[in-house]
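Hi,

Here is the structure I promised to pass on.

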Amino acid sequence: MKKYIIANWKMNVNARKEAVKLGLATARLAQKYKKRTTIIACPSTVHISLLAKNTDYAPLFIGAQDITFHESGAHTGETSPLALKDFGIKFSLIGHSERRAVGETSAVCALKVRAAIAAGIQPILCIGELARDKKGGHYRFVEKQLRESLSGIPVLALRALMIAYEPVWAISSTQNAAEATPEDIREMALFIQKVLSDMYGTPKLPVRILYGGSVNTQNAAEYSNIEGISGLLVGSASLNPKSFEGIVAVV
Ligand code: PGA
């Protein structure tokens, strides 16, 4: 099975020239490692039109960092799934912790997941606890996020869904970020599958679970080999083609 690797550039690449340069370097990696990986780069929205539907970047997929749940109309500042779809966008992050930190709720994420699927865009739903505690509160936190973010989403739609488990305490931009252990990730991936099974009353659902949070050249091989993990979501290390190749080459 090919591994998915998502490069989340966040708001770190602002000049058009830089977006093109990083896009071309990432596309070279997508070509070099295409037998084993599917790479999806998520630039800022204004750069999507430069990179998407452009054969210079094939076989790199271009994804969105966010999406709105409205199709069209009076929604100033939003980007419609239909507009993204028109640029050939096939994937979008939804509910990244940096969006949740500015007020995006799981209920809104559920609307976005639904709208993305309706437009033919595969949602990469991000979930993850802010902190861990000895009483296992992080499991309850993740379960709540998952149930609310998929509220009303029918089982058939799950085929299109990817879930990125990204514990906020492990994301590199969090103050005093710590690296998750493979065991932390394996247990949570199992737990997510169990919650999905409970929710949908089906033992094995076809949902891919990715891991994100301080993925780097040192931990990528181990992380990507964890049972139940189908790929990685990479933030800061995706900004440097050398370190990104160090990840892509070992998954
Ligand atoms: P990081 O970011 O790889 O820099 O920790 C991951 C993310 O926030 O998606």
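**Lys112 and its surroundings**

Setting aside residues within four places in sequence, Lys112 is in contact (heavy atoms within 4.5 Å) with Asp66, Ile67, Thr68, Phe69, Ile94 and Glu104. Before going further: this is a predicted model, where local features need pLDDT of at least 70 and side-chain atom pairs count only at pLDDT 80 or more, while totals for chains, interfaces and linings use all residues. Residues are numbered from 1 along each chain as its sequence is written, and side-chain values use heavy atoms, with hydrogens and water left out.

Back to Lys112, which sits in helix H5, residues 106-118. (Helices are DSSP runs of H or I with at least four residues, strands are runs of E with at least two, and both are numbered from the N terminus.) Is this lysine buried or exposed? Lys112 counts as buried because its relative accessibility is 5%; buried means under 20% relative accessible area, exposed means over 50%, and partly exposed is in between, using a 1.4 Å probe and protein chains only. As for where its side chain goes, it reaches the backbone oxygen of Ile67 at 3.1 Å.

**Ile229**

Another buried residue is Ile229, at 4% relative accessibility. You'll find Ile229 in the loop between helix H8 (220-224) and strand E8 (231-234). Which residues does Ile229 touch, if you skip those up to four places away in sequence? They are Lys3, Ile185, Ala189, Ile209, Leu210, Tyr211, Tyr223 and Ser224. Leu190 is 39 residues from Ile229 in sequence, and their C-alpha atoms are 9.4 Å apart.

The loop between helix H2 (45-51) and strand E3 (61-64) holds Pro59, and the peptide bond joining Ala58 to Pro59 is cis, with omega at about 5°. Lys53 lies in the loop between H2 and E3 too. Its phi is near 50°, a positive value in a residue other than glycine, and Lys53 counts as exposed at 64% relative accessibility. Ser214 also has a positive phi without being glycine, near 55°; look for Ser214 in the loop between strand E7 (208-212) and H8.

Lys32 belongs to helix H1, residues 16-32, and is exposed, with a relative accessible area of 57%. Between Lys32 and Asn216 there are 19 Å from C-alpha to C-alpha, with the two 184 residues apart in sequence.

**The chain as a whole**

Stepping back, the protein chain has 9 helices and 8 strands. Its C-alpha atoms fill a box of roughly 50 × 45 × 35 Å along the principal axes.

Buried residues make up 51% of the 251. Among contacts with a separation of 6 or more, 72% are between residues 24 or more positions apart. The chain exposes about 11900 Å², with carbon and sulfur atoms supplying 55% of that (Shrake-Rupley method, 1.4 Å probe).

On charge, there are 30 positive and 21 negative side chains, and the centres of the two sets lie 6 Å apart. Here Lys and Arg count as positive and Asp and Glu as negative, leaving out His and the chain ends; each charge is placed at NZ of Lys, CZ of Arg, CG of Asp or CD of Glu.

Cheers

Note on methods: Polar contact = N/O pair within 3.5 Å; in protein donor to acceptor, adjacent residues only side chain to side chain.
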